[in-house]
Amino acid sequence: MEMNFDDIRCYTNEEVHEVLEKLTKEKSFMKVVSTAYPLLPKEIIKERLLQYNNQQEFQKDFIFPFLQYLEENTTKGIELFGLEKINVSKAYLYLSNHRDIVMDSSFFCKKLLENSIDTVEIAIGDNLLIYPWIEDFVKLNKSFIVKRGLNTRQTLESSKLLSAYLLHTICEKNQSIWMAQREGRAKDSDDYTQESVLKMLNLSAKDNNFIQHILQFNICPLSISYEYDPCDYLKAKEFQLKRDFPDYKKSPTDDLENMVIGIMGYKGKVVFRITGCINDELKKIEQKTSNRHEQISQTAQLIDLKIHANYEIYSVNKIAFDTLTGENRFAHEYSNMERIDFEQYLMKQIDKIQLENKDEKFLRQKLLEMYANPLINHLKTLQHSQPSV
């Protein structure tokens, strides 16, 4: 039976103009766009938006310049490594660690465009679609919707539809996809693939052969490293709120704040590393074990290993590691001034946190963990004798 993806899919080129017409009539959308392009009068922006008839033009001519502005003003530069490990005529499922709600996939698409490679479709949780126009805008930007907060039966149905859509997009549309390795960001930067993501991929299988089915997705782990996470203090604040109030849940306003700070905040150096398609290694897992549970577990471990091995390690990661462990293991790899700068940075971020019973010691510990964990996980991969990482 053919599935209907209309509820979740991104817009097609045929729908682009109509959606832009609708968006230009949205006051809040036009306000946001005017903020992104402050030198252009609203009428000029509207005229420009109404001239686009496909996603490629819209992304290259309208979105790309704003991403260029963000690279120049909120980073020390963005680098993408590993293009030699992919075949640009093939579609891949890029499974990556997840730091920032918006910029992980946006900056990745920017680097692909710079290399004349088609942008990816992007998985986005419906909890982030705070206003109706946001859904239109992200679907225009090749995003598809992942439904959250459903009951058990609805979750299963939604996951089956999502799995079928991913397979359809890779195999039939020959369109690559970016998706996080887990639901939501790893707030402490301790990146591990949720096995439930792999089980979801398997829901579109016609039989019970896990490896043979997921080979079709051409899974390609992607490692993302930010020197600084502008949302680090918001994540630390959330840790304390969850500690003090176990039932605490972020509000849509909190999500919006995280999105804005993530977009406009300072990120330092940003590095993406494509680690290559893991199909050959998946076949080795199939040879080792026929147990489906073990295959899923080993696949998750393989993806983690690829991502951890390919982090860019910055001085801030080394300083955080040494401060957290008291080992001074990397002290010869950064200067005393860099250490002082990082200490001042931590204090500045903690000062931004507004809480009634602010636990500065706890908040500092959480910030240090965020910056140390990528290095901790990277070091673990060095002890692992996995070939061809």
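In the predicted model, the axes of helix α12 (residues 279-288) and helix α13 (residues 292-309) come within 10 Å and cross at roughly 145°. Helices are DSSP runs of H or I with at least four residues, numbered from the N terminus; axes are lines fitted to C-alpha atoms over the stretch in contact, and angles run from 0 to 180 degrees between N-to-C directions. The crossing of α12 and α13 is right-handed, the near helix being turned clockwise from the far one by less than a right angle. Glu281, Leu282, Ile285, Glu286 and Lys288 of α12 meet Gln295, Gln298, Thr299, Leu302 and Lys306 of α13, where contact means heavy atoms within 4.5 Å.

Tyr233 is placed in helix α10 (residues 232-244). With a relative accessibility of 8%, Tyr233 counts as buried, that is, under 20% relative accessible area with a 1.4 Å probe and protein chains only. Beyond residues up to four places away in sequence, Tyr233 touches Ile261, Gln349, Lys352, Ile353 and Leu367. Tyr233 and Leu363 lie 130 residues apart in sequence, with a C-alpha to C-alpha distance of 8.1 Å.

Thr381, in helix α16 (residues 360-382), is buried at a relative accessible area of 10%. Apart from neighbours within four places in sequence, Thr381 is in contact with Leu305, His308 and Ala309.

Residues are numbered from 1 along each chain as its sequence is written, and side-chain values use heavy atoms, without hydrogens and water. Because the model is predicted, local features need pLDDT of at least 70 and side-chain atom pairs count only at pLDDT 80 or more, whereas totals for chains, interfaces and linings use all residues.

Technical notes
Helices (H or I, at least four residues) and strands (E, at least two) are DSSP runs, numbered from the N terminus. Buried means under 20% relative accessible area, exposed over 50%, partly exposed in between (1.4 Å probe, protein chains only).
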